[in-house]
Amino acid sequence: MYGDTSIQKPIKIAEPTSEEQARLEELFQQKIDDNIKIEPQEWMPDAYRKTLVRQMSQHAHSEVIGMQPEGNWLTRAPSLRRKVILLAKIQDEGGHGLYIYAAAETLGTSRAEMIEQLQSGKAKYSSIFNYPALTWADMGTIGWLVDGAAITNQVALSRGSYGPYSRAMIRICKEESFHQRQGYELLLTLSKGTKEQKEMLQESVNRFWWPSLMMFGPNDADSPHSAQSLKWKIKKKSNDQLRQEFIDATVPQAEFLGITLPDPDLKWNEERGHYDYGEIDWEEFGNVIKGNGPCNKQRIAAHVKAHEDGAWVREAAAAYAEKQQNKDVA
Amino acid sequence: MTNLSKQEALVQYAAQIGDNGLIIGHRMSEWCFRAPSIEMEMALMNCALDLIGQARELYTYAAKLDGTGKTEDDFAYLRDEKDFRNLLLAEVPNGDWGDTIVRLFFMSAYNKLFFTALTKSTDEELAAIGAKSLKEVTYHLRFSSEWLIRLGDGTDESHERVQKSINDLWAYTGELFTMTDGEKMLLEEGIAVDTAALKPEWDQIVTDVLTQATLSRPENKWAHKGGKAEGIHTESFGYIIADMQFMQRRYPGCSW
């Protein structure tokens, strides 16, 4: 439940002296350098804990908010087969959300707190979900590009230093790559279809291409948290490295679909061994993050509404559980 | 009696059982990102997957019997409102969490008895579908019973709200035990389930769970009917069809 997860905060122990602190930090960094996973009960710098909670809750929120654009097409899926595939995908995403919330709770922040931060706007989620899902083709494009970009990120995260998160990522990546293949297969079907279906495909990719590239975050030079996160192996690769990997993998797939990508500067660079690509519209990125995207307000409003509408249900469940407990005691 | 041939009656029978699954599954899928918690949402999505999965098998079987090259999707997407023969209980709007749980409970108690009986059908394919579906609806019954008890015996507010849901939906339960002419014909062949005979056991399940939930059973004997026998639906049904069939109607003949 959103609201009922209470967890034990770590027991406070006496603050270490600055000398001890330095020693602890040194040992901690040594472990990271030796690729030993950090586990919940171990000492870690406050900033490491905070960075992880920020990143993991953002990830969990993204999974949960990401259900909205897809849920928008559940009742309109054009075949029963597609309908159950979409249902199963959305169900997987809810599962990922739960799994990551639970992993984040091992760091001492409850799910209720994380949800509150999401609803108040203090915590973010992937800005891609502030773009609307307008056509059926978007269900394929989201699988192919959005899940594709997410996997590129998450494969790197699965080698990250925090044990519970990296283990969660291994499992989640398996399901995500399945979603990506399903999304691509949906688009492949459109690419072999009628003129209208092909147009629907191209139009959808045109809308999602740039926002997908933005999913990797700002350029390395402008990324405020990156250097420390790399040192702590919370991140394993830089934003620009990951973005390049994604582009290199995706361009041939677009060619196979017989579509174009909306970037006149996109071309193979023999010397670099990578695709060159155009400048991302960082002003748009900044605006969507600030809350000015096409769906920011609706996404949060829908989350808040579900939460508030369900309050009486969660209260009833809690009251019933308490009665049962009292019966057991008596 | 009916003018239907046995073959036609069987096609309609398979499709009508499928209609129940598809329509209630569709309603549950409308809960996506609206449930009181992620866990509850996932449980409903799971039920929806089961129910739509049942519909697919039944439609596929109906299409095979029909023999004119139809597929499962023809049944879901290309029939008109009047051709759908689901129970009205399956289609009424979701309402709040209590309404949704009560509907699922009434329906699952029925489904459990129905699919148990269907496993004994002389039609092997229906019997096999019955056996597979039985496992799923048994879980739905457990899930919805547990929630009904939680809501009934939870807070004053939840008790009051869910009692209202029971009272409101009660009039849709009478249709569960009606028999169409086609069903009566197939019953003689040992193919169809005698739904009228399921009532005493259904009553027992409902009474037991309501008692445990500290809720009362409505006295009202009036029953809304018409979905199953005639394809006369509630006003809300047209919107389900409009939503569900939009793509197939707008882009006819495409492969998706």
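This is a predicted model: local features need pLDDT of at least 70, side-chain atom pairs count only at pLDDT 80 or more; totals for chains, interfaces and linings use all residues.
Student: Why is Glu72(B) called buried?

Tutor: Its relative accessibility is 13%. Buried means under 20% relative accessible area, exposed over 50%, partly exposed in between (1.4 Å probe, protein chains only). So Glu72(B) counts as buried, whereas Arg56(B), at 22%, counts as partly exposed.

Student: How do you know how Glu136(B) and Lys132(B) are placed in helix H6 of chain B?

Tutor: They are 4 residues apart there, about one turn of the helix. Their side chains meet in a salt bridge at 3.2 Å, N to O. Glu136(B) is buried because its relative accessibility is 15%. Lys132(B) has 38%, so it is partly exposed.

Student: Which residues are joined into one network with Lys89(A) and Glu93(A)?

Tutor: Salt bridges with shared partners also bring in Glu70(A) and Asp147(A). Lys89(A) and Glu93(A) pair at 3.1 Å, N to O. Both are buried. They are 4 residues apart in helix H4 (residues 80-105) of chain A, so about one helical turn separates them.

Student: What makes Arg111(A) and Glu39(B) a salt bridge?

Tutor: Their closest N and O atoms are 2.9 Å apart, so the pair meets the cut-off already given. The count between chain B and chain A is 3 salt bridges. Over all chains, the search finds 34.

Student: How many residues does each chain bring to the contact?

Tutor: Chain B gives 49 and chain A gives 49. Contact means heavy atoms within 4.5 Å. On the side of chain B that touches chain A, the residues divide into 25 nonpolar, 10 polar and 14 charged. Here Ala, Val, Leu, Ile, Met, Phe, Trp, Tyr, Cys and Pro count as nonpolar, Asp, Glu, Lys and Arg as charged, and the others, Gly among them, as polar.

Student: What rules lie behind these values?

Tutor: Local features need pLDDT of at least 70, and side-chain atom pairs count only at pLDDT 80 or more, while totals for chains, interfaces and linings use all residues. Side-chain values use heavy atoms, without hydrogens and water; residues are numbered from 1 along each chain as its sequence is written, and chains are lettered from A in the order in which they are written.

Methods. A salt bridge is a side-chain nitrogen of Lys or Arg within 4 Å of a carboxyl oxygen of Asp or Glu. Helices (H or I, at least four residues) and strands (E, at least two) are DSSP runs, numbered from the N terminus.
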